[in-house]
Amino acid sequence: MAKAISPPNLFQKVVLKYPIHRAFDITIFFLLVSLLVYRLLYLSNHGFAWVLALLCESCFTFIWVVTVSSKWNPVEYKTYPERLSQNAQDLPPVDMFVTSADPVLEPSILTVNTVISLLAVDYPADKLACYVSDDGCSPITYYSLVEASKFAKIWVPFCKKYNIQTRAPFRYFSSELILTGSCNSLEFQQEYNKMKDGYEELASKIKDAVEKSMEWDLIGDFAVFSNMERKNHPTIIKVIRDQNDAGLSEALPHLIYVSREKRPEHPHRYKAGAMNVLTRVSGLITNAPFMLNVDCDMFVNNPQIFLHAMCLLLGSNDERESGFVQCPQCFYDGLKDDPFGNQFVVEHKYMGKGAAGIQGPFYGGTGCFHRRKVIYGSCPDDIGNQAKRLTPVHGGLSYKEQLRIFGGSKEFIRSAAHALQGKENISPQNLPTLVEAAHQVAGCGYEYGTSWGIEVGWQYGSATEDILTGLMIQARGWRSLFCTPDPRAFLGCAPPGGPISMTQQKRWATGLLEILISRRSPIVATVTARLQFRQCLVYLSFLTWGLRSIPELCYAVLPAYCTITDSSFLPKVHEPAIYIYMALFLSYVIYTLIEYLETGLSIRAWWNNQRMARINAMNAWLFGFISVILKVLRISDAVFEVTPKDQSSSNDGDEGRFTFDASLIFVPGTTVLLLQLTALIMGFRGMQLSVNDGSGLGEILCSLMVVLCFWPFLKGLFAKGKYGIPLSTIFKSASLALCFVLVAKRA
Ligand SMILES: O=c1ccn([C@@H]2O[C@H](COP(=O)(O)OP(=O)(O)O[C@H]3O[C@H](CO)[C@@H](O)[C@H](O)[C@H]3O)[C@@H](O)[C@H]2O)c(=O)[nH]1
Ligand SMILES: [Mn+2]
């Protein structure tokens with residue numbers, strides 16, 4: 001199935017072949033085209049429904065083409081960390097960034113586990129520094145990190161001594177202890193118990209801190225947090241652990257807490273703003289040539305991941321091949337059969353590896369190693385002028401230009417110049433003096449008039465800042481690499497189904513569409529810069545989510561519309577064209593099923609994902625589309641609503657059950673469902689009355705399919721509490737459905 005094409009060195013690129021999939025890809029494409037031709041040929045014999053169906057099917061064909069193109073040349077990289085230099089001094093420094101925004105929605109204990117797992121990776125500790133951004137400006141987060149750093153002093157040596165694989169303590173202690181090899185000794189037992197007690201103490205301290213949060217005594221080290229308002233406060237930077245202070249015996253990375261300045265009158269740009277502050281602050285302090293960033297819930301699951309990433313970053317002769325290295329976003333404790341379709345396992349396998357075979361995976365916001373100079377806007381060395389138009393950064397910048405691009409901190413400009421030249425740390429100074437300069441670059445006025453967020457750093461202007469940032473990097477001609485080691489690199493929390501996951505999908509659809517319609521869209525980047533054409537198609541396959549909601553919705557309503565108005569959009573049962581439809585349906589089902597079964601997932605998981613794709617498209621993506629329209633009309637701006645992260649999902653045995661709230665986001669789905677039910681009732685009555693020639697049967701079957709897809713909603717109509725659709729939503733949807741029926745009947 002696979003063959004190696006590059007000499008075995010630090011990594012090996014393996015071309016994957018899926019001949020059966022390709023056969024299905026082509027078959028389905030031809031069936032889609034035949035369908036469109038058939039529609040066009042008989043256009044004049046039919047009415048509105050036919051034209052609408054043609055438009056929708058054209059959209060689906062387009063989506064099929066971009067998806068197939070994205071998946072066509074999958075590759076995979078095998079990495080060989082044991083071939084890296086054994087001399088620790090040869091490994092480059094890495095700055096590690098963790099963003100957190102809210103100690104309630106993102107429980108501190110999770111952030112702490114992520115940080116501890118980073119401090120404990122298999123990489124020379126003196127090459128690492130961990131920066132934690134706290135957009136919540138919370139003494140609890142700071143306190144938790146201080147306590148975590150104390151625990152790390154015993155935890156990290158323990159992990160390294162016994163080569164523990166799971167280095168996020170909450171995961172390690174939640175699974176059963178397996179006693180093998182060196183872990184079978186009495187000494188180990190004793191140390192294990194000590195660690196367990198230590199972690200329990202840490203967890204309970206954090207729990208207490210959260211519970212008494214109202215009555216904090218903000219004195220001493222915590223005095224800076226007194227009278228702080230979350231959205232209105234000066235910068236707080238605290239060096240929790242300075243490597244230079246510590247004795248050699250406890251080799252632990254630097255740990256630095258950063259809460260950037262916030263003022264109500266200044267936009268703070270959510271995560272992108274936080275990342276840019278971390279970039280600058282770390283630039284002043286450690287200025288590592290590589291930077292890893294993770295979301296606060298994404299702990300290290302593979303302690304060797306830094307070495308794997310280095311194989312990719314250092315392993316090719318041409319730097320341009322590895323502008324950044326992205327690991328797939330994976331989740332722990334995923335629910336069985338992926339009931340909410342948010343584990344993305346199949347997507348990583350086929351779309352992720354497919355993109356890896358073109359210009360590389362897109363940047364996914366977490367689990368990504370960047371080159372600092374790439375984030376600073378540099379182009380690959382030998383690139384033509386075309387891509388340079390996207391960035392003002394080039395060799396021989398005058399001082400004035402540097403000020404305009406990077407802002408007014410002399411210290412930062414000096415460090416940026418070093419980073420751009422690929423040099424390592426500027427002359428190491430003591431941390432406390434640097435922290436002073438760091439306050440300046442973390443201020444909320446620092447970026448005004450500079451290129452931050454536009455040409456350098458994390459990009460502003462989209463709720464999916466990650467995709468936009470990665471796109472701009474690839475547009476400058478960089479490629480990226482996909483890092484998929486075993487065990488998986490990082491693991492995080494998948495949101496529960498229902499309102500939380502809908503909000504996340506809506507934010508993504510909004511952010512993606514914002515990119516598509518902006519000047520920085522992949523189409524522009526392909527025409528005017530260095531984004532490859534097929535990479536542009538990869539981006540189009542998901543930047544169009546918001547737009548896709550419209551044909552999805554129309555197509556789902558079509559069968560109901562036809563039954564209600566006694567028209568049709570499908571060929572009659574005795575017409576040969578019906579076979580195109582049946583073949584299309586069957587081959588799509590078989591093909592997607594193969595993908596799931598091959599990945600080791602169940603038929604149930606396949607169905608859940610199919611169903612959730614429809615639910616997301618018609619509800620969340622539609623609202624994403626609407627919020628972009630509101631933004632374009634300047635009625636309201638898109639905001640980044642943080643996804644709540646739960647350490648342990650509720651244990652009432654109903655974790656896989658869909659939940660609802662009174663949000664408008666559930667109105668479209670409920671309306672579609674009510675329409676189908678109405679149509680089904682009318683359809684069955686009609687069939688009994690008239691002598692039937694098979695017309696209307698297809699439409700009725702389609703309505704049944706839609707009802708099946710919306711099964712969680714159907715159950716929600718009759719359930720109570722959070723599992724039930726609120727009456728207000730039912731009422732709104734029923735009114736909409738009624739209006740629809742009346743208008744359709746009259747037309
Ligand atoms: O004002 C903010 C808002 C969010 N965050 C952090 O951003 C990260 C991602 O937020 P989350 O609510 O978990 O969003 P998700 O939708 O789960 O995240 C995915 O999608 C985002 C873009 O929409 C990317 O930024 C993320 O990396 C990617 O994992 C978290 O660490 C947050 O703490 C901030 O630092 N400041
Ligand atoms: Mn998240």
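## The site of Thr366

In this predicted model, Thr366 lies in the loop that connects helix H9 (345–356) with strand S12 (368–371), where helices (H or I, at least four residues) and strands (E, at least two) are DSSP runs numbered from the N terminus. Thr366 is buried, with a relative accessible area of 2%; buried means under 20% relative accessible area, exposed over 50% and partly exposed in between, with a 1.4 Å probe and protein chains only.

Apart from neighbours within four places in sequence, Thr366 is in contact (heavy atoms within 4.5 Å) with Asn293, Val294, Asp295, Met298, Gln326, Cys327 and Gln329.

## The chain as a whole

The chain contains 25 helices and 14 strands, and its C-alpha trace spans about 90 × 60 × 60 Å along the principal axes. A compact globule of 747 residues would have a radius of gyration near 27 Å, and the 27 Å of the chain agrees with this; the radius is taken over C-alpha atoms, and the globule rule is 2.2 Å times the number of residues to the power 0.38.

Of the 747 residues, 58% count as buried, and among contacts between residues at least 6 apart in sequence, 82% join residues at least 24 apart.

## Basis of the values

Residues are numbered from 1 along each chain as its sequence is written, while chains are lettered from A and ligands numbered from 1 in the order in which they are written. Local features need pLDDT of at least 70 and side-chain atom pairs count only at pLDDT 80 or more, whereas totals for chains, interfaces and linings use all residues, and side-chain values use heavy atoms, with hydrogens and water left out.
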